[in-house]
Amino acid sequence: MPQPKQQIFEGVRVLDLVSRESGATIAGAYLADFGADVIKIDKPGEPGPALDAHYVKNGIDLQYKVKGRNKRHITLDLSKPQGVDLFHKLVADSDVVVENLGLGVMEGWGHDWETLRSLNPRLIFVRLSDYGQDGPYKNRRLDGFAGDAFAGFCQVDGERDATPVDSQMDMAGHVAGMWAAMSIGLALYWRDARGGVGQVVDMALYEPLYRLIQTNITPYTSSGKADMRYGNRRDNGIPWVDSHETKDGRHYSYSGATRATYRDTQLAMGMFRDPRFKDLPTAFVNREAFHDYAAAWTKERTIEEVDEAFFAFEGASAPCNNAEDLINDPHELAREHIVTVDDPDLGPVRMQGLVPKFSRTPGKVRWAGEQPGTRNAEVYGELLGLTAKELDELRAADVI
Amino acid sequence: MTTQSNQQVLERYRVLDVGHVLAGPMTSSMLGDFGADVIHIESPETGDFMRTVAGTAGQPRASRGYDLINRSKRNITLDLRKEKARDIFHRLVAVSDVVTENFRPYVMDRWGHDWERLRRINPRLIYCRMAGFGQTGPYRHRRAYGMIGEAFSGWSWTNGYTDGPVIHSGFSLGDTTESIWAATAIVAALYWRDAQGGGEGMLIDQGLIDPNFRAMEQQIIIYDQTGVSIARDGSQHEATPYADICQTKDGRYFSFSAFTQEAIRNLVQALGLSDDSRFNNLDACLQHREEFNQTAATWFGERSLDEVIEVFEKQGANGMPVMSAENLYHDPHIKAREMVVSLPDPEGGDKPIEMQGVVPKLSETPGKVGNASHPIGGHNEEVYGELLGINRDELADLMAEGVI
């Protein structure tokens, strides 16, 4: 029996070609959090300046510090002949390639599956694309936000009879990134634990989120009715699952949809003995009264008072936190969900810790996302034996 | 050792799903899609709450969402609260690879299924515990459902109209994102156990509130570095003026966005604004954000959805209609990608049950939707007979005692 590896994906090398702005970068970040050697390849000279001041400090894209953490960053132009050659040498020595460059782009540069598998039959080639590798829309384009729309998510997000909304999170991209991480795990497992070979993973960006939405297909085909958005008033306006504003301008959400949590919600808000709300059918008849009572009750109390009342009865509830709340929250701190990383660009920075917690192989946040090409000398030297002089020449030719 | 083509990755591996409602059962359905023998354990008295949720009662079969969440499984009953059930459960654990559960931390412990006990029974066991707030920390005994996962994680603070209240999605976002994180973790732990020399199982502590908190990468670092807590902004996006959802002439909605210079060029070209210096570059457009929003809204309002799609496709611009379940079901691309599958009704109904297909497509080991959800306890005889050698008479006794 060989020595157990210290981390889950130790010794697994991933060439990460997922563009910096995509939510799907979380695929590589997850594998890297748990020990994989993830080499992020940027095109020389890219990315251009980051887009918005909210997300940038001193020219540094703050979000990418988290997206690119624990990855080694190199530059390489995969379209130039010398770049093709170098990429193929890296592929021969790697386990996984994950890309979202657009349909046919890899093929155009000579990195089609047949070529790559001939270089490395054990390769796992993950192809994230806007609409998948086939089907009538394969040449159309979307990104994470349009992905939310196509997956059926925006349709159920927003107020009834108003324009759909979307959150500030690239839902479809992130869910696809995690789904890619699971798929890589499955493909590695088949290869290494079950005597298999490498394979191709083909996934459209919106497909994982579409797959998760339980109201998408079956309820529609059985009832003929498509689900709609209804703000915070779900299922014809049930009032026992809702969110209200507090006295101090915060928001508090509670969910009393089971018999036990309904009782706890009533207890927390002091309405347990009110005959109008004695059980769910009665409360549904009196749903406007319930809604008004709950809204007024919340509005008369601070967020601390509301949370204390719900906490006392173990209600299913939580404040709608913002970043400031979370970074100071005792539970998140106790869970080590806020970690400080020393970054050469920014100094000590705080970001999210590891999710989830593995008892035997905990993983580690080792460094924050790097500038393009930070590890050129290290990676090209270690993996391909390139000298400083050779790297200078490649740099002069804009290959790296 | 070589494997046959079309073998499933997780064939011959067994998952005991003592989950209920959504997060736990959805996790195991993903493993079932890739060949695992998933056994869903339900209370004989009440069944999974999801079978009878409000709004679905009175339909010929209880809850249709339940079919997606509980596909590709076998169903047995076992009342884990009963003394006799403890031993039966432990015998099942001894012949399984994975246990998934999404109760609060003390519940399984109280029933005698804490980690130390289960790992003694089966040192190779992977125990995926999916409590709302996780297994540790001061809030660990609090309950959490989908919208609590949205609220606590920071997600809902960023969802809603500009200057309006927080809005929750109509989708169980907390549960479902937890399920993909948990399924990924289980596959990872199996990989370490069987391919990385680990040899033993482990405990996975995956809270429902954790995934959205972790995946909103920008929220903590932006606050840490600039003091700003990002907030909701309708369907627009703080990072770019070039993102919104607009209504078309025929009453549909279209979502568009551009986050790179190339995407911005394609978008302004599609909207016919390439020569308008107020909008054709990022700096200028940030100065004229309101005007841009109005100009875009007017442009969409004058065109049908088909016209919009044609222009966007021609210019290579990012954008897509907001799809409803009805739109998705009838969409030719969804059909071509086999993203709707049709299964026989395990309860003998005439009408096939349709649901989402397998994601993703694996070239060598494609997954498969094994079956729609079975009736409660539908595999009691098969599973208890095959795995534990319990015969029909013994099963009848257990049933009379309310154990199964």
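**Exercise 1. A three-stranded sheet in chain B**

Task: In this predicted model, start from the pairing of β8(B) with β9(B) and describe the sheet to which the strands belong.

Solution. 
1. Strand β8 of chain B, residues 253–257, is joined to β9(B) by three bridges, and the two strands run antiparallel.
2. Within β9(B), the residue opposite Phe254(B) is Pro321(B).
3. The open sheet has three strands in the order β7-β8-β9 (chain B), with antiparallel pairing.
4. Its edge strands are β7 (243–247) and β9 (319–321) of chain B, each of which pairs on one side only.
5. On average, neighbouring strands of the sheet are turned by 15 degrees against each other, direction ignored.
6. Helix α12 of chain B, residues 289–301, packs on this sheet and touches β7 and β8 of chain B. The direction of the helix makes about 40 degrees with that of β7(B).

**Exercise 2. A hairpin in chain A**

Task: Describe how β12(A) and β13(A) are paired and how they are connected.

Solution. 
1. Strand β12 of chain A covers residues 338–343 and strand β13 of chain A covers residues 347–352.
2. Six bridges join these strands, which run antiparallel.
3. One bridge pair consists of Asp343(A) and, in β13(A), Gly347(A).

**Exercise 3. Where the chains meet**

Task: Characterise the side of chain A that touches chain B by its residues, and find a pair of strands that crosses between the chains.

Solution. 
1. The contact involves 140 residues of chain A and 137 residues of chain B.
2. Helix α7 of chain A (residues 171–193) supplies the largest share of the chain A side, 15 residues.
3. By residue class, that side has 70 nonpolar, 40 polar and 30 charged residues.
4. Strand β8 of chain A (residues 199–204) is joined by two bridges to strand β12 of chain B (residues 361–362), and the strands run antiparallel.
5. In this pairing, Val201(A) stands opposite Leu362(B).

**Exercise 4. The nonpolar core**

Task: Which residues have the most contacts inside the largest nonpolar core, and what does Ile186(B) touch?

Solution. 
1. The largest nonpolar core has 230 residues, and those with the most contacts inside it are Leu31(A), Ala180(A) and Ile186(B).
2. Helix α7(A) gives the most to this core, with 15 residues.
3. Leaving out residues up to four places away in sequence, Ile186(B) touches Leu31(B), Val98(B), Ile126(B), Cys128(B) and Ile204(B).

**Exercise 5. Chain B as a whole**

Task: Summarise chain B by its secondary structure, extent, burial and contacts.

Solution. 
1. Chain B has 17 helices and 12 strands.
2. The C-alpha trace of chain B spans about 80 × 50 × 50 Å along its principal axes.
3. Of the 404 residues in chain B, 55% are buried.
4. Among contacts in chain B between residues at least 6 apart in sequence, 68% join residues at least 24 apart.

**Exercise 6. One residue of chain A**

Solution. 
1. Asn236(A) belongs to helix α10 of chain A, residues 234–237.
2. Asp85(A) is 151 residues from Asn236(A) along the chain, and their C-alpha atoms are separated by 60 Å.

How values were computed
Residues numbered from 1 in each chain as written. Chains lettered and ligands numbered in written order. Predicted model: local features only at pLDDT ≥ 70, side-chain atom pairs only at ≥ 80, totals over all residues. Contact = placed C-beta atoms within 7 Å. Helix = DSSP H or I, 4+ residues; strand = E, 2+ residues; numbered from the N terminus. Nonpolar A, V, L, I, M, F, W, Y, C, P; charged D, E, K, R; others polar. Pairing = 2+ DSSP bridges. Axes fitted to C-alpha atoms, helices over the stretch in contact; angles between N-to-C directions. Core = buried A, V, L, I, M, F, W, Y, C linked by C-beta atoms within 7 Å. Buried ≥ 20, exposed ≤ 12 C-beta atoms within 10 Å, placed from the backbone.
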